[in-house]
Amino acid sequence: MKLASLKSGRDGRLVVVSKDLTRYTDAARVAPTLQAALDDWETAAPALDELAQGLESGSVPAERFHERECASPLPRAYQWADGSAYINHVELVRKARGAEVPESFYEDPLMYQGGSDCFLGPRDAIVMPTDEGWGIDMEGEVAVITGDVPMGVTAEEAGDYIKLIMLVNDVSLRGLIPGELAKGFGFFQSKPSSAFSPVAITPDELGDAWDGGAVHLPLLVRYNGKPFGQANAGVDLTFNFPQLIAHAAKSRPLCAGAIIGSGTVSNKLDGAPGKSIENGGDGYSCIAEIRMIETIQDGEAKTPFMKFGDTVEIKMKDRDGRSIFGSIDQRVEKYTR
C-alpha cells in the first residue's frame, strides 16, 4: 500500500493513495496521522491495507491526489539517522583530498543523527539566507521507516522491522561541513531540513525490485530540468538497510517511526568513478560527487553548487515506467524571516 500525509497541522493528515498515485481515501477512521498508525502498526496496517484494496476496487470514497498538497510522510519524526551505504561516495570525497578510506569503513557503517523536528514537504522550497559560501547541495537517497526496534537487534533480524520505504533529498551545506567536522563533534548547521517523497510505500509494492535489504531500481535525479543522475540504488552498496538498522540499534532501541537513510546513492563504472549521463554513465545523486571527480581528473572543481532559482527533482520509476513514490521537486529560494 501507499501512504501519504496531506498538509494539516504539525503532523499531517494520513491518507491511503492509489497505486497509480491519482486518488486517495481518508484514513482517519484507522489513524489520524502516520505516526499514530506506526505506533499501533499491528492493528493499523491490516485496516489501512483494507482501505487500499477498497480504493483500487472503487468501493471507498476517493478524491483526486495532488502531490503538491503533501507534507513529508512523517512531517516530523522521533529519529532520523542517515547512513553512508555507498562507499564509492566516501572514496571519491577522500581521494579528492588525498586521503585513504580506513578499512573499518568497509565493515562498520558511517551514520549521523540528523534533525527530525522540521522536515520539508516534497514540493517545499529549499530556503537559505545565502547561496554563496554555504555550498548548497542535494543528495538523492532511499530511506526506510521502522517499527519499534529492540536494542541489539542483528542484521539478520532487522529486516522484519522495516515497515515503509520512501525517497529523500538530504540537503547538505558543503561549505559548512569542513569547519563542523574539524571540531570533532559532527554535523549540525551543515545539515538543514531534509525533504521526503510524497508517498511512503510498504515493501511489497516493489515486487522483486525489493530483496529485503535494498531497492534495485535507478534513482532518477534531474537538476535544472536536465537528467543528472540515474544510479541504481541496489548496486555498489556496501551496507543494506538491515545492516544500517542493526548499526543504529547497537546501543539503543529505535522508536516506531524511526527513519534510516541510505546515504547518497552512488555507482561506480567498471570499477572506476562514475561518469555523467551525457558521457555515457549513470551520473550522480549529488553535486559534490561530480566536483570530486573534476578535482581528481582536472585538479579543480568546476561545477558550482546550487544557487537561488536552481531546481532539483528526485523520483523512482518501476520497470514499466510508472512513478512509485511521486516526485520530490524543489527550488532554492531566498529565506526571509
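Tyr-223 and Phe-228 are both buried in this predicted model. Their rings form an aromatic pair, with centres 5.6 Å apart and planes at 75°, in an edge-to-face arrangement. As a reminder, a pair of aromatic rings is described by the distance of the centres and the angle of the planes.

In total, the model holds 6 aromatic pairs. A further one joins Trp-80 and Phe-119: the centres lie 6.4 Å apart and the planes meet at 85°, so this pair is edge-to-face. Where do these two residues lie? Trp-80 belongs to strand E5, residues 80–83, while Phe-119 sits in the loop between strand E6 and E7, so the contact ties together parts that are 39 residues apart in sequence. Buried means under 20% relative accessible area. Trp-80 has a value of 1%, so it is buried; Phe-119, at 8%, is buried as well. Ring pairs also bring in Phe-196, which forms a cluster with Trp-80 and Phe-119.

Lys-191 is placed over the face of Phe-187, 5.2 Å from the ring centre.

Let us now turn to the sheet. Strands of a sheet pair through backbone hydrogen bonds, either parallel or antiparallel. Here, 5 strands make an open sheet with mixed pairing, and their order is E7-E20-E19-E14-E15. Which strands form the edges? They are E7, residues 126–128, and E15, residues 226–229, each pairing on one side only. On average, neighbouring strands of this sheet are turned by 25° against each other, direction ignored. E7 pairs with E20, residues 328–334, in the parallel sense over 3 bridges. Within that pairing, Ile-126 has Val-332 of E20 as its bridge partner.

Key. Residues numbered from 1 in each chain as written. Predicted model: local features only at pLDDT ≥ 70, side-chain atom pairs only at ≥ 80, totals over all residues. Heavy atoms only, no water. Pairing = 2+ DSSP bridges. Helix = DSSP H or I, 4+ residues; strand = E, 2+ residues; numbered from the N terminus. Axes fitted to C-alpha atoms, helices over the stretch in contact; angles between N-to-C directions. Phe/Tyr/Trp six-rings, centres within 6.5 Å; stacked < 30°, edge-to-face > 60°. Buried < 20%, exposed > 50% of the residue type's maximum accessible area, 1.4 Å probe, protein only. Lys NZ or Arg CZ within 6 Å of the ring centre and 35° of its normal.
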